[in-house]
Amino acid sequence: MTKDDTISEAVSLLQDLGLQEYEARCFMALTQLSSGTAKEIHEVSEVPRTRVYDAVRVLESKGLVEVQHTNPQQYRSVGVDEATRTLQQKYDDRIDTLESYLERVEYRETESDEDEIQEVWSLTGHDAIESRTIDLIENADSEIALLVVEEEILSERLLSVLAEADDRDVSILLGGQTEAITERLDEEFPDARVFETELNWLHGRSTDKEIAISRILLVDRTQLLISSYYPDTDTSETTEQAIFAAGLRNGIVVLLRRLVSSGLAVVDDPGK
């Protein structure tokens with residue numbers, strides 16, 4: 001990636017974090033200067049000089065720029081660590097505020113068990129599926145069974161919430177489709193039951209142009225998530241999709257609970 005590409009990507013990310021384009025471009029200009037006047041910022045950022053003053057004032061109000069009141073005035077950005085901490089705090093504050101607003105207006109219809117057992121929902125996209133996986137694990141009361149087919153789903157975030165579940169004495173059963181996956185799981189969770197699955201119908205994305213299971217998660221024996229990679233018939237890209245089902249008597253949950261159990265039978269007690 002060239003320097004120009006890096007700056008362009010950084011400007012885009014700063015905009016995602018709440019800065020306007022001119023503000024982001026002026027900030028990036030100042031990161032490249034030990035300090036600078038409005039004219040120098042204009043020359044580096046290509047922001048119209050008349051707009052530089054407004055952009056810098058906003059950056060100063062956000063704690064991202066310092067001003068030296070000389071003639072002409074000099075500006076400099078705060079250090080990278082300070083800037084990222086400031087932006088992180090503002091981002092976290094916005095997320096916390098959004099969460100409180102959403103909780104105030106969220107409506108979930110109260111459902112009977114008879115209604116719930118028929119429900120199956122779908123999710124699309126790796127980030128959304130990982131987020132649901134994290135949520136299910138964080139809210140597990142007694143038992144987590146996770147079968148990992150694709151090693152790339154073992155993100156630091158996922159490993160962290162599994163460790164937290166282990167700390168609160170949730171029973172954890174971890175399966176891997178390959179020896180490499182099981183070795184990593186065994187290393188990360190020496191106190192958990194870890195096995196190499198004998199469910200031979202699972203396969204990873206090495207199979208060309210086929211739907212490939214990536215994970216199966218069963219929580220408290222009542223909530224199930226299965227994700228798969230679906231190949232694009234026109235390109236080499238794949239999209240991760242998942243189904244989520246809940247309910248002790250949900251047919252899909254019952255079926256997978258039995259399949260998982262049959263796959264675990266030989267590892268629960270190797271001596272028998």
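How many salt bridges does the structure hold? The count is 7. Keep in mind that this is a predicted model.

Start with Arg57 and Asp54, whose side chains meet in a salt bridge at 2.4 Å, N to O. Both residues sit in helix α4, residues 49-61, 3 residues apart, about one turn of the helix. In general, an α-helix has 3.6 residues a turn, so residues three or four places apart point the same way. Asp54 is partly exposed, because its relative accessibility is 38%.

The next pair is Glu143 and Arg221, at 2.8 Å, N to O. This one links distant parts of the chain: Glu143 is in strand β4, Arg221 is in the loop between β7 and β8, and they are 78 residues apart. Glu143 is buried, at 16% relative accessible area, while Arg221 is partly exposed at 45%.

Third, Glu240 bridges to Arg215, with the closest N and O atoms 2.9 Å apart. Glu240 is in strand β9 and Arg215 in strand β7, so the pair ties together parts 25 residues apart in sequence. Glu240 counts as buried at 3% relative accessibility, and Arg215 counts as buried at 1%.

Now the patch. Seen on the surface, a patch of negative charge includes Glu156, Glu183 and Glu196. Helix α9, residues 179-188, gives the most to it, with 5 residues. The buried residues of α9 are Ile181, Thr182 and Leu185. They lie on the same side of the helix, because they cover an arc of only 95° around the axis. The face turned away from that buried side carries Glu179 and Glu187, both exposed. Glu188, also in α9, is partly exposed at 39% relative accessibility.

Technical notes: Residues are numbered from 1 along each chain as its sequence is written. This is a predicted model: local features need pLDDT of at least 70, side-chain atom pairs count only at pLDDT 80 or more; totals for chains, interfaces and linings use all residues. Side-chain values use heavy atoms; hydrogens and water are left out. Patches are made of residues with over 30% relative accessible area and no salt bridge: like charges are joined within 9 Å, nonpolar side chains (Val, Leu, Ile, Met, Phe, Trp, Tyr) within 5 Å. Accessible areas come from the Shrake-Rupley method with a 1.4 Å probe; for residues, only the protein chains shown count as cover. A salt bridge is a side-chain nitrogen of Lys or Arg within 4 Å of a carboxyl oxygen of Asp or Glu. Lys and Arg count as positive and Asp and Glu as negative; His and the chain ends are not counted. The place of a charge is taken as NZ of Lys, CZ of Arg, CG of Asp or CD of Glu. Helices (H or I, at least four residues) and strands (E, at least two) are DSSP runs, numbered from the N terminus. Buried means under 20% relative accessible area, exposed over 50%, partly exposed in between (1.4 Å probe, protein chains only). The arc is that of the directions from the helix axis to the C-beta atoms.
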